[in-house]
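My notes follow the structure.

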Amino acid sequence: MLSILIINWNSWPDLERCLNSIFASKYTDYEVLVVDNGSTDGSAEKLAEQFPAVKVHRNPANLGHTRAVNQGVERIESDYVLLLDADTELADDMIGAMMDFITARPSVSAVAPRTFNTDGSIQESARNFPSAMSGLFGRQSVLTRWFPNNRFSRRYLGRDNLGSDDPFQVEQISAACMLFRRSLYQEVGPWDEGYFGYWVETDWCFQLKKAGKEVWCVPSVSVWHHESNHVGKKRGAARIWDFNRGAYRLYRKHYTLGVLDPRALFASAALTIRALLQIVGDSFRKAPEAQIAERGSPGSAVVADGDLDERVAVREARKLAKAKPVFAIPYEPQPKPSIPVRLAEGVYRALEILAALVVVILVSPLLLLVTVLIRWDSPGPALFWHQRTGRSKLKYGRELMHREDIKPPAAGFEPDRLYWSPTYIKFPKYRTMVADAAQRHPELYWWNYDVPPEQFQKMYYKLEEDPRLTRVGRWLRKTTIDELPNLFSVIRGDVRLVGPRPEAREVQGYYTEEQMIKFTVKPGVTCLSKIHGRGELSVQEQIDLDLEYVKTRSLGLDLKILFLTVWGTLTQRGAF
């Protein structure tokens, strides 16, 4: 049996046309599964109404094309999978011809038809693997349009086969329309979810070739791909960036020895420059009315006014817990540090500032680039300033006993005794979420609700598949670049390079009296939780590590944490 898998995101008109072409097919032995990536255009509801036979899997947000494909294939039990973009339209004999071809040839693992653009021109999607020159001689490049018969474009795009109606073997085919054996997911593995969308099928075709699998094109049958990404049309910064990011990942993964390979470094620089130039050029193109009216680009933070108003109304209507008061804990006098210890501390502090300044200067071009990308990717400021905890200050009990935001210790306040009183800082980082994330997803801000203590211990600060993240934000989180502005807080003296994690004010109210000892030490940009799993750790696990640091901190431990932080950043464990 055949399962037809379609990935949809706010594409109802396209999806309706695609389904109508499927049900008009001469081939009838199939089921249809649609994975909907959090559409807000009513796609899921219209599917149930107009196509009740279609199975639907609904994601709460746009998890990306790659993840959606893997989800769909995981739910399919058929021997064959026909993967389609929602904006495809099938000829009535296409499914049957491709099924006949692949079932009659056990050596063939994947097959695609001849793909046409809306205007009837051939879309050169059945082609060879890209090379370093493909960046200059790609399907839509200026050089290919000016010199269509150059040898680089001819080889890459497989143009020697354009006039043939006979099946031919290729190195890669497009995910817009791809028939493959379900068993490939066991033999080769699923799609690499490091790609949000672009280039992932090329990466998988690389895996197929390494495993000795054959990929073919059957040009005698047709599919129309009404994609919006044709020459001259406004694509948006998010799509341009995702395309070039995917190209870099593909090149680094299959043509270099890794991130530090000079070829990978050069490709990163070249593709970044190309992306910026394309974004600038794209800004001068006029957005078609259809694009404005429908859905915006993938990863866009733009929502329809009605949707936004509804989310704001929901947020305003919900009953929030008041900001919880925070414990002040008694100060226990400590022996005064010796002069050598104080001198060492002063030198350490000077070296911290110097190191932060040097790094900021060295990465200043990157900071500027990231600022531009964030502003292009989604509306809102590039920097996000969050109220975080600083080092608590000493205050007398008589200053605290009448404050509503402070809770006394179990023994109450003594007027003439010193207590550690919470203080707060403005902590900068690059914005990684849509600007109205709290309005869109109020349910994810658990600290705004009256969470029981036992549940608080099991909560997590971050989600691995966070629907609030922008496209650039997801990349910033993965590479930890979003935290580079933290260094300005080091220079200002608000935080150290190493220390306990600076807590959000909203969360600090859940801390017990014993846990407040964490805030008697100046917080740090990096901490023990950064080297023990980061986002994989629960709130309680991170607090326990911070308390361990406070009790055992030393210069040696700080250096160890700094070294392992660099390693953790490269391995990207828990970075989401």
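I am working on a predicted model, where local features need pLDDT of at least 70, side-chain atom pairs count only at pLDDT 80 or more, and totals for chains, interfaces and linings use all residues. Residues are numbered from 1 along each chain as its sequence is written, and side-chain values use heavy atoms, with hydrogens and water left out.

**Aromatic pairs.** I searched the whole structure and got 18 aromatic pairs. Rings of Phe, Tyr and Trp (its six-membered ring) pair if their centres lie within 6.5 Å; planes under 30 degrees apart are stacked, over 60 edge-to-face, the rest tilted.

I looked up Phe101 and Trp216: the pair is tilted, 5.8 Å centre to centre, with 55° between the planes. Phe101 lies in helix H4 and Trp216 in strand E9, so the pair ties together parts 115 residues apart in sequence. Helices (H or I, at least four residues) and strands (E, at least two) are DSSP runs, numbered from the N terminus. Both Phe101 and Trp216 are buried (buried is under 20% relative accessible area, exposed over 50%, partly exposed in between; 1.4 Å probe, protein chains only).

Next came Phe206 and Tyr255, an edge-to-face pair at 5.8 Å centre to centre and 85° between the planes. Phe206 is buried at 11% relative accessibility. Tyr255 is partly exposed at 27%.

I also noted one aromatic cluster, formed by Trp12, Phe23, Tyr30 and Phe51.

**Charges over rings.** I count NZ of Lys or CZ of Arg within 6 Å of the ring centre and within 35 degrees of the ring normal. Arg249 lies over the face of Tyr195, 5.4 Å from the ring centre. Arg398 has its charged end over the ring of Tyr396, 4.6 Å from the centre.

**Helix contact.** The axes of H14 (residues 364-377) and H18 (residues 471-479) come within 8 Å and cross at roughly 145°. Axes are lines fitted to C-alpha atoms, for helices over the stretch in contact, and angles run from 0 to 180 degrees between N-to-C directions.
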